[in-house]
Amino acid sequence: MYILQNQKNSEQLRLDDAHDGCRDHITWEIESACNLGCNCYPSRTKKGKTTRAKIKNLFDEINRSQITNVHITGGEPTQSTDLEYIIQSLHNKRIYITTNLVRNIEFVEHLLESYKIHSVAVSLDSIQMNVNDALRGKT
């Protein structure tokens, strides 16, 4: 794993080196909040809201790099009020989103219809609804 560190602030992006050593992919955890009660990230601390100025600085860093693929994740990225702004601003990149798709289905449909998104991955803990719900804190 590699880190793209913005020099103007403490914001970091994790670089994913799982693609045969290519450094053209990043994973950006844009949101620490999640709308489910699962235990996916028990040690995760709330990072607080990233400002638009910080996001703009990160775009500058991404555009200066050789990054062509941006994987947007979280917590739950659809919880972020900046998700659409981020996607708009990265229009020249290949965008991947991972979501639990529990809420905001219409919003994700809107994003798919409005922007060039390469893929949306839906995370499931089990193909059995009762097991999936139990793991996610739903009863």
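Contact means that heavy atoms lie within 4.5 Å. This is a predicted model, in which local features need pLDDT of at least 70, side-chain atom pairs count only at pLDDT 80 or more, and totals for chains, interfaces and linings use all residues. Residues are numbered from 1 along each chain as its sequence is written, and side-chain values use heavy atoms, with hydrogens and water left out.

**Exercise 1.** Determine where Ser80 lies and whether Ser80 is buried or exposed.

*Solution.* Step one: Ser80 is found in the loop between E4 and helix H2 (83–89); helices (H or I, at least four residues) and strands (E, at least two) are DSSP runs, numbered from the N terminus. Step two: the relative accessible area of Ser80 is 8%, so Ser80 is buried (buried means under 20%, exposed over 50%, partly exposed in between, with a 1.4 Å probe and protein chains only).

**Exercise 2.** Identify the surroundings of Ser80.

*Solution.* Step one: apart from neighbours within four places in sequence, Ser80 is in contact with Ile30 and Glu31. Step two: a polar atom of the Ser80 side chain lies 3.0 Å from the backbone nitrogen of Asp82.

**Exercise 3.** Describe the setting of Ser65.

*Solution.* Step one: Ser65 belongs to the loop between helix H1 (52–64) and strand E4 (69–74). Step two: Ser65 counts as partly exposed because its relative accessibility is 24%. Step three: a polar atom of its side chain lies 2.6 Å from the backbone oxygen of Ile62. Step four: the C-alpha atoms of Ser65 and Asp24 are separated by 8.2 Å, although these residues are 41 residues apart along the chain.

Terms used. A polar contact is a pair of N or O atoms within 3.5 Å; within protein, one must be able to donate a hydrogen and the other to accept it, and residues adjacent in sequence count only if both atoms are side-chain atoms.
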